[in-house]
Amino acid sequence: MTLRYLSLCAVATGLLFARVSFAQQMGPVSGGSLAAGAVAPILPSNGVQLSDGALLHGGISVEGGYDSNIFYTNDSTRLGSAVLRVTPFVDLTNTARNGEVPSGLFFDLRASLGYREYLSSNSNITRLRAFTPTANVNIEHNSNGTLALGFSDTYVRVQDAPYTETGVNDDIIIRNDNIALAQLRWSPGGGRLQSILRLTNTLDWFDTAALKAGNSMTNEAMVDVSWRWLPKTALYLQVRQGYVVYLNNDDASGLVANGADGKNSSFPLRAVIGIRGLITEKTSISLGLGYQNAFYSSGATTGGFWGSTTAAGELVILPIFATKITFGVHHDFQNSVVGNFFYDDGAYASLAHQTVARLVGQLWAGYDHRRYYGLPGSTDARIDDLIQATASVDFYLKPWAYVGLSYMLAHNSSDYLPNMNLSGTNYTKHQIFARVGFTY
């Protein structure tokens with residue numbers, strides 16, 4: 001087994017935890033971030049050679065486990081269930097069998113269809129069975145390393161339990177997210193100076209009737225200019241300007257921030273300066289500090305010195321071969337499905353290790369202190385403390401077969417107890433899964 005293969009396994013494991021973190025950042029109605037299946041790794045030396053420039057990969061993962069709190073309720077009313085998840089996928093790429101990416105046109109097309117079944121005698125739980133498709137397209141054209149034009153589109157459909165055991169099918173949380181991105185990267189003169197222009201369109205769409213007021217479209221333009229003042233360390237300036245518009249402003253459901261006129265559009269702006277790259281051979285950092293403003297059209301918006309400040313930092317240490325330790329902190333705001341927005345102060349840490357014996361493991365833990373503003377009929381902030389943790393270990397029997405275990409924890413504590421079905425404010429949720437997977 002090659003070191004390249006081990007690296008790919010580690011990347012696949014990391015993508016699982018990255019996806020959990022990203023989903024949680026999207027707001028309190030996370031749409032099943034903890035319900036996602038394992039990400040199957042791909043070994044470039046496998047696959048069916050369709051032509052000189054196209055490899056077709058495929059695989060499937062089968063997981064069995066237990067979810068301790070299906071409906072995100074408090075400890076006195078929570079219900080658990082055994083769960084079966086099956087996730088087949090296909091991937092078409094022109095990455096070479098040795099793992100090299102083409103210097104000209106690169107493409108990678110991937111699709112999966114997850115199926116989740118609850119093994120319970122409770123009909124209110126078994127009705128939550130779901131198919132969850134995902135699709136991703138990545139295309140990039142690189143002109144001798146100086147100019148690169150890229151495009152990507154990712155679609156994810158997730159289905160999660162409502163926050164109460166109502167037994168009504170139309171209360172199931174069904175969320176569709178599509179993120180389309182176009183990027184132009186320019187690196188003249190050997191790459192010491194680099195500029196990136198990125199345009200992003202995000203469509204967030206709920207099929208759930210009670211949540212349709214949260215349907216939104218976000219457009220964002222980003223400019224990132226960096227200067228590499230050391231061989232592998234750069235100073236950068238990044239400016240991001242967005243526009244968030246809600247598509248159902250005539251919806252007077254409980255999500256509406258200010259009466260029956262609909263949720264409020266905003267123009268989120270962030271301008272950050274920072275440094276990123278190596279500080280020693282085995283240590284790298286990423287630091288950023290800048291200005292932020294939500295510019296909501298009505299109702300609560302960001303303000304004050306701390307509210308107008310965005311900051312983030314990450315330290316990565318490689319103490320020994322094949323071991324990676326990461327620490328990070330951040331202060332930011334996020335647009336919210338409930339209310340207008342929330343401030344997010346958080347910290348996280350992770351440990352990843354891989355061995356030549358085909359064993360790959362990772363631990364991750366994070367804490368977020370969130371303050372929500374613009375809640376319906378309230379001028380006070382809702383305060384949530386969210387703790388998340390994941391652990392995963394996989395053993396690769398062959399380059400095309402693996403077995404593994406995973407554990408996930410989500411604990412939320414809130415001072416907000418609304419008189420409405422959409423709560424999910426105080427809960428503890430555990431998930432544990434064993435899995436077997438095959439890829440080719």
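**Ground rules**

I am working with a predicted model, so I noted that local features need pLDDT of at least 70 and side-chain atom pairs count only at pLDDT 80 or more, while totals for chains, interfaces and linings use all residues. Residues are numbered from 1 along each chain as its sequence is written, and side-chain values use heavy atoms, with hydrogens and water left out.

**Entry: a run of strands**

I took helices and strands from DSSP runs, numbered from the N terminus (helices are H or I with at least four residues, strands are E with at least two). Two strands pair if DSSP finds at least two bridges between them.

I looked up strand β9 (residues 216-230) and found it antiparallel to strand β10 (residues 233-246), with 14 bridges. How many residues sit between β9 and β10 in their hairpin? I found two residues there. To get my bearings I picked out Asn219, which stands opposite Tyr243 in β10.

Then I moved on to strand β11 (residues 269-280), which runs antiparallel to β10 and is joined to β10 by nine bridges. Here Ala234 stands opposite Arg276 in β11.

**Entry: Arg276 again**

Next I checked burial (buried is under 20% relative accessible area, exposed is over 50%, partly exposed is in between, with a 1.4 Å probe and protein chains only). Asp224 is buried because its relative accessibility is 2%. Arg276 has a relative accessible area of 28%, so I wrote it down as partly exposed.

I looked up Arg175 and Asp204 next, and their salt bridge has its closest N and O atoms 2.5 Å apart. Arg175 is in strand β7 (residues 173-186) and Asp204 is in strand β8 (residues 193-206), and this pair links distant parts of the chain, 29 residues apart. Are Arg175 and Asp204 buried or exposed? I found both Arg175 and Asp204 buried.

Glu63 and Arg435 also meet in a salt bridge, at 3.9 Å from N to O. This one links distant parts of the chain too, with Glu63 in strand β2 (residues 54-67) and Arg435 in strand β19 (residues 427-439), 372 residues apart. I marked Glu63 and Arg435 as buried.

**Entry: charges over rings**

The charged end of Arg85 sits over the ring of Phe433, 3.6 Å from its centre. I also noted Arg382, whose charged end sits over the ring of Tyr372, 4.9 Å from its centre.

**Entry: ring pairs**

For aromatic pairs I used rings of Phe, Tyr and Trp (its six-membered ring) with centres within 6.5 Å; planes under 30 degrees apart are stacked, over 60 edge-to-face, and the rest tilted. My count by this rule was eleven aromatic pairs.

One of them is Tyr115 with Phe131, a tilted pair with 4.7 Å centre to centre and 45° between the planes. Tyr115 is in strand β4 (residues 105-119) and Phe131 in strand β5 (residues 130-143), 16 residues apart. Tyr115 is partly exposed because its relative accessible area is 25%, and Phe131 is exposed because its value is 52%.

I then looked at Phe341 and Tyr343, an edge-to-face pair at 5.2 Å centre to centre with 85° between the planes. Phe341 has 1% relative accessibility, so it counts as buried. Tyr343 is at 6%, so it is buried too. I put Phe341 and Tyr343 in one aromatic cluster with Tyr296, Phe333 and Tyr373.

Phe295 has a positive phi, near 50°, and is not a glycine. I located Phe295 in the loop between β12 (283-293) and α3 (304-307).

Ala322 is not a glycine either, yet its phi is positive, about 70°. I found Ala322 in the loop between β13 (309-317) and β14 (323-335). Ala322 is partly exposed because its relative accessibility is 23%.

Technical notes:
A salt bridge is a side-chain nitrogen of Lys or Arg within 4 Å of a carboxyl oxygen of Asp or Glu. A charge sits over a ring if NZ of Lys or CZ of Arg is within 6 Å of the ring centre and within 35 degrees of the ring normal.
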